[in-house]
Each structure stands twice: as C-alpha cells, then as structure tokens.
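This briefing is meant for a reader who is meeting the structure for the first time. Please keep the sequence and the model in view while reading.

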Amino acid sequence: MKTELKTNLKAIFGRAYVRLVGAHREPSWLISEALLPLLSTAAFVYVYKALKAPEEYTGFVILGGAMTAYWINVLWSMAAQFYWEKEMGNLQLYLVAPISRMAILLGMATGGFYLASTRAVFVFIVGSLIFKVNFVVISLGKLALIFFLTQVALYGLGMMFSSLFMLFGREAWHTTNLFQEPIYLLSGFFFPVKSLGFTIGLLASFIPLTLGLDGMRQLAFKGGKESGLLNVNLEIIALVILSIFFLIAAHYALKYMENMGKKEGRLTLRWQ
Amino acid sequence: MSYAIETLDLTRTFKKGKKKNNSKQPELIMALDKVNLTINSGELFGVLGPNGAGKTTLIKILSTLLLPTSGIGLVDGIDVAKYPEKVRKKINMVSGGEHSGYGILTVRENLWMFSQLYGMQTKVALQRIDELMKLLGMQEYARLKISKLSTGMRQKMNIIRGFVCDPQILFLDEPTLGLDVQISREVRKLIKSWVKENQEKTVLLTTHYMAEADELCDRVAIIDNGKVLACDSPSNLKTSLKQDAVFHIEVNLMLENIDRFNQIPGVRKFAYEHKPNTGRTDLKFILESDSYIAAVTEAIDNNGSKILSLSKTEPTLEDVFVSLCGRGLEDENRA
C-alpha cells in the first residue's frame with residue numbers, strides 16, 4: 001500500500017514535470033495564454049461600462065476571465081490529453097505501468113494548474129489594476145475554500161471527461177468542443193448566473209464553475225450577495241458533494257472505459 | 001511449476017465491420033486462434049511471423065492492454081485479464097517504431113519521467129539511464145531534446161526505457177523494426193546480455209526478421225494467421241528439415257503459372273519472390289530429396305526461363321516457415 005502510494009506520487013510528479021519544464025523552456029505561451037485572454041475579458045468590461053452597469057460587474061468579469069483559464073485547462077489540457085497521448089504512443093506506456101490512471105491525470109492537472117494559474121493571476125491582477133476593481137472581501141477563508149473546492153470538482157469533472165478520450169478519441173474531441181461555449185454561457189463567466197433564472201441557474205450548478213464563480217463573487221464584491229444564486233454556505237456544501245461525486249465518478253468511468261477499450265481493442269488504436 | 005508466461009487456448013477476434021449481405025452480424029477477424037505457449041523464466045523467447053500474424057495482439061494481451069476473447073493468459077502465474085494491476089508490477093513493454101515521449105524534454109529527462117511511473121528513486125533511475133545510454137552509445141545525446149533525434153536514436157531511447165525499470169518480464173514488439181544494421185546489432189547485443197546477466201529475467205520478443213530470431217532466441221514460436229505452427233529452439237526447427245533438400249534458384253524472369261511448381265513430384269513446399277527492379281525471380285524449393293532437383297530444373301526450362309544460379313543451402317528459419325506455410329516470410333512482409 002505504502003509502495004503503491006509512493007509510486008503514484010512519483011508518477012504524478014513525473015508527469016507534472018513535463019508541463020512545468022515545458023512552460024519554462026518555451027515562454028512564448030505567456031503571450032497567447034496570458035496576454036491575449038485579457039483582451040477578451042476587457043471587451044466585456046467595456047460592454048458593461050457602456051451600459052453603465054453597477055460597478056461590481058467589472059469585478060465579476062475580471063474574476064470570470066481569470067477562472068476561464070482553469071476551464072480551458074481542464075477541458076483541453078487534461079480531458080482531451082488522453083487523445084493526444086494515444087496519438088503520440090504514450091498512452092499505452094501509461095496503461096502498462098503499475099500506476100493509477102488518476103495519478104497520470106493528476107500529474108497533468110498539477111502541471112496544467114501551474115500554467116492556468118499563471119494566466120489566471122495575470123488576468124486577475126492586471127485586469128483589476130487597469131479597471132480599478134474594488135474588492136470587498138467578506139470572508140477570505142470561505143473565499144479560499146470555495147476556490148479550492150471548485151478546482152477539485154472541476155478537475156474531477158475533467159478526469160471523468162478524459163475517460164471518454166481514452167476510448168473514443170476524435171469523436172469525444174468534438175463532444176468536448178461542443179461543451180466549451182455552452183459552459184461559458186451556463187456557468188456565467190461574464191455575468192451573474194442568476195440572470196439566467198433560478199431554475200436554469202440551479203441546473204447549471206452541476207458544472208462546478210457555476211457555483212464556484214457565484215460563491216466567490218458573493219464573497220469578494222460589494223453587491224455580490226444580491227446577485228448570488230444560492231446562499232454561500234449552501235454552495236460550499238454543494239461543491240463538496242460535487243467534488244466527491246466527480247472524483248468517484250471519474251475513478252469508475254476510467255475503469256469502465258479502460259475495460260471497454262480492452263474488450264473492443266480500441267485502447268491503443270490510433271487515428272480513429 | 002509456474003511459467004514466466006503461459007497461454008491456454010488464448011483466442012482474440014476483432015470485428016471487421018458489417019457483413020456485405022446486410023447481415024447484422026459483424027464480420028470477425030481471428031487474430032489469435034487457441035494459442036498455447038509456455039515460456040520459462042530466464043528464457044529469451046521469440047514469436048516469429050509475418051505482419052498480421054497475431055504477434056502484436058499476443059503482446060497486447062499479455063501486457064494487459066487487450067482482453068482475450070477466450071482462453072487464459074498468465075504472466076508469472078497471474079491471470080492478465082483478472083489481475084492486470086498485479087501483472088503490471090512485473091512487466092514493461094517496448095514497441096518498434098514507437099514515438100513515445102515529449103519533444104520538449106531531453107532524452108535523459110524523458111527516460112527519467114518514464115522511470116517515475118515505476119516508482120524508481122531518482123538517483124537510482126538516473127544512474128541506470130546513464131549506464132544504459134553508455135551501453136548503447138547514446139551518452140552524447142543525453143541532453144538533446146528528443147524532437148531532434150533520428151529514428152534510430154529514438155528507438156534506442158525506447159529500448160532503454162524498457163530496461164530502466166529492470167522488469168521481471170520484458171515484452172519487445174519488433175524492437176529493431178526499421179533500424180539500420182549497426183543499431184539493430186547494438187540493440188540485439190543489449191537484449192542478449194540483459195537476459196544472460198539476469199537469469200531470472202524473461203524476454204518475449206516478436207519479430208519478422210528470421211536472423212534476429214535465430215541469433216537471439218532460446219526458443220521460437222512460428223505463428224501465422226493467429227495459429228502457432230511450430231515451437232522449438234531455432235536449431236531443432238531447422239533440424240526438422242534436415243532430411244529435406246533446400247534449394248535456392250534464381251531465374252531471369254517471372255515464371256508463368258508459377259503455382260504449378262507445387263505439383264512437381266518431390267516438391268514438398270515452394271515459395272518465390274519476384275524482384276521487379278531486376279526482373280528476376282528467386283525460387284525456394286523444399287524437396288523430399290536431392291534427386292528431385294532435375295524435375296524442377298526441367299520444369300523451369302520448359303517454362304522458357306533461364307536459371308541464373310542454383311544452390312543447395314542449409315535450412316534456415318525462413319525455410320522452416322516456408323515448409324509450414326507454403327510461402328516465404330519475407331515476401332509476405334514486403335507485400
């Protein structure tokens with residue numbers, strides 16, 4: 001048990017190393033991954049300014065723009081990563097190794113989290129400074145907890161998606177493509193999700209970012225509470241449930257899909 | 001006694017697609033057909049066969065990447081289908097033409113990264129990587145990004161990856177595929193010395209290069225269309241043809257009705273390879289005795305072709321394959 005844990009931890013570090021080192025060897029990604037996303041975020045700020053929306057909406061947008069980094073990272077750099085690993089021939093080497101598939105994904109997540117955080121912090125800090133965002137933090141502890149739970153649930157969701165890529169390859173890639181934009185809308189990246197109506201907001205809460213963003217906005221901005229979907233404590237509980245649910249579901253989905261792939265012979269089948 | 005590897009009626013089929021006659025039943029391809037093999041610990045065992053014979057399917061099942069349709073595959077006595085996690089602790093695998101690794105990392109970093117999947121201590125892993133790189137003459141490439149490696153060097157790196165974690169059982173699927181003579185020789189030397197120095201280690205190697213199987217393997221299974229046709233040491237397999245006469249004949253053109261040569265009295269098996277660039281054809285005859293060669297040369301003459309060379313040779317594994325399948329292994333792979 002102890003040896004297995006040690007092996008898995010080493011595997012996590014090994015896989016994370018690829019992204020951490022890669023980020024430093026090719027720093028050009030900073031321009032496309034950090035600087036350019038600030039521009040699309042800024043566009044929403046100007047829309048609200050033009051409409052003379054309440055001041056806190058600028059903060060809502062900056063926070064949403066920063067959190068987008070994690071969603072893109074989960075969707076493309078973790079969930080879809082098994083597809084690329086399969087094409088490169090690495091997937092079969094991971095599957096033959098005596099490690100949990102979640103360890104590999106966690107390694108990708110750790111490395112990816114570093115890259116996503118660089119983007120998020122850049123958008124957040126530079127955006128806040130340029131647009132003079134006014135923060136009124138009610139509880140820093142709860143804010144940190146919601147951020148942490150959102151990440152756990154979000155990466156759990158990404159792990160669950162990755163099971164699709166392990167088996168279906170390109171078909172699932174298109175499916176993920178279909179998820180990207182609708183989730184921008186449903187999670188309320190650039191507006192309070194309450195605007196969609198309570199029922200749709202509640203349904204959209206199955207996506208961890210919806211509750212995460214809503215909770216953080218309520219805790220970080222004046223007037224955030226009024227535009228909140230649910231009570232913050234309730235959102236924390238829901239995020240705990242989602243975190244556990246997605247991690248367990250990912251574990252079983254990966255196992256199920258791997259088994260199906262081994263049965264159908266599609267696990268290492270390239271160019272599907 | 002538990003074998004390092006054992007297969008019991010191991011069978012694997014793949015769906016090809018819907019049958020043409022609009023039947024809802026998919027057409028099946030038999031990749032492995034009731035394969036029974038036993039491989040002892042410390043053995044360097046070869047699986048020899050043409051492309052599509054089922055070699056890779058066998059390795060994929062034994063390395064837990066594929067489930068058998070029926071039958072059992074055991075690695076160190078452990079059922080690969082039921083307990084893959086336990087099997088994975090004992091094995092590693094390298095495939096020919098593999099493009100694994102990350103271009104952004106150096107050769108040494110890539111090898112270290114893969115060693116971490118086996119929980120190796122960094123110090124031990126790096127020491128072993130350096131030793132193996134030295135053995136394969138790769139030291140100067142250690143700090144080069146793998147995106148800059150040639151195919152041969154990349155395959156050397158893959159081979160090192162298989163050995164770094166020092167597995168109990170190593171699966172090598174066409175390890176020298178596409179490599180030049182020199183690199184292939186170095187790779188074969190490493191494989192041979194690893195098994196020799198570690199008596200408890202086992203290698204299952206698939207290849208379609210007869211010379212490789214002949215040089216490396218303690219025993220060889222000849223496989224075709226998913227079936228094991230023969231299994232013995234290379235020398236015993238060749239001895240089985242000793243009472244036959246093996247002739248290689250080169251003729252100046254492609255013979256007409258070439259399959260008729262099978263019907264000449266005394267011809268046990270016959271294979272040919274036409275070389276379009278020279279227009280010549282290589283013929284291989286396995287005859288019941290030398291006395292039948294006259295009938296063969298007469299038939300060639302009657303066909304209007306001219307014999308350019310004729311030689312009687314010692315049986316090779318290729319001849320064993322021809323005698324078992326009625327066609328040459330090299331022709332099959334080229335086709």
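The model is a predicted one: local features need pLDDT of at least 70, side-chain atom pairs count only at pLDDT 80 or more, and totals for chains, interfaces and linings use all residues. Residues are numbered from 1 along each chain as its sequence is written, while chains are lettered from A and ligands numbered from 1 in the order in which they are written.

**Chain B as a whole**

- Chain B contains 11 helices and 14 strands; helices (H or I, at least four residues) and strands (E, at least two) are DSSP runs, numbered from the N terminus.
- Along the principal axes, the C-alpha atoms of chain B fill a box of roughly 70 × 50 × 45 Å.
- Chain B has 335 residues, of which 44% count as buried. A residue is buried if 20 or more other C-beta atoms lie within 10 Å of its own, exposed if 12 or fewer, and partly exposed in between, with C-beta atoms placed from the backbone.
- Among the contacts in chain B with a separation of 6 or more, 71% are between residues 24 or more positions apart. Two residues are in contact if their C-beta atoms, placed from the backbone, lie within 7 Å.

**The six-stranded sheet of chain B**

- An open sheet of mixed pairing is formed by six strands of chain B in the order E6-E7-E8-E3-E9-E10. Two strands pair if DSSP finds at least two bridges between them.
- E6 and E10 (227–232) of chain B are at the edges with a single partner strand each, so one side of each has no neighbour in the sheet.
- From one strand to the next, the twist of this sheet averages 15 degrees.
- Strand E3 (residues 44–48) of chain B pairs with strand E9 (residues 219–224) of chain B in the parallel sense, over four bridges. B:Leu48 has B:Ile222 as its bridge partner in E9(B), and B:Gly46 has B:Val220.
- E9(B) is largely enclosed by the rest of the structure, because five of its six residues are buried.
- E9(B) and E10(B) run antiparallel and are joined by five bridges, with B:Asp224 opposite B:Lys227 in E10(B).
- These two strands form a hairpin with two residues between them, and B:Asn225 in the turn has a positive phi of about 50 degrees.
- Helix H10 (residues 317–325) of chain B lies across E3, E9 and E10 of chain B and runs at about 40 degrees to E9(B).

**The four-stranded sheet of chain B**

- Four strands of chain B form an open, antiparallel sheet in the order E12-E13-E11-E14.
- E12 (267–275) and E14 of chain B are the edge strands, each pairing on one side only.
- Eight bridges link E12(B) to strand E13 (residues 280–287) of chain B in the antiparallel sense; in E13(B), B:Arg280 is the bridge partner of B:Lys275.
- Strand E11 (residues 245–251) of chain B and E14(B) run antiparallel, joined by six bridges.
- B:Thr313 belongs to strand E14 of chain B and is the bridge partner of B:Val246.
- B:Thr313 is exposed, because 12 other C-beta atoms lie within 10 Å.
- Leaving aside neighbours within four places in sequence, B:Thr313 is in contact with B:Val246 and B:His248. B:Thr313 and B:His248 are 65 residues apart in sequence, and 7.1 Å apart in space from C-alpha to C-alpha.

**Where chain B meets chain A**

- In this interface, 25 residues of chain B are in contact with 29 residues of chain A.
- Helix H2 (84–88), strand E6 (91–95) and helix H3 (107–116) of chain B each supply at least two residues of the side that touches chain A.
- That side of chain B comprises 13 nonpolar, seven polar and five charged residues. Ala, Val, Leu, Ile, Met, Phe, Trp, Tyr, Cys and Pro count as nonpolar, Asp, Glu, Lys and Arg as charged, and the others, Gly among them, as polar.

**A helix pair in chain A**

- Helix H3 (residues 56–79) and helix H6 (residues 101–130) of chain A pack at an angle of about 160 degrees, with their axes 8 Å apart. Axes are lines fitted to C-alpha atoms, for helices over the stretch in contact, and angles run from 0 to 180 degrees between N-to-C directions.
- H3(A) and H6(A) are therefore roughly antiparallel to each other (angles under 35 degrees count as roughly parallel, over 145 as roughly antiparallel, 65 to 115 as roughly perpendicular and the rest as oblique).
- The contact of H3(A) with H6(A) has 14 nonpolar, six polar and one charged residues.
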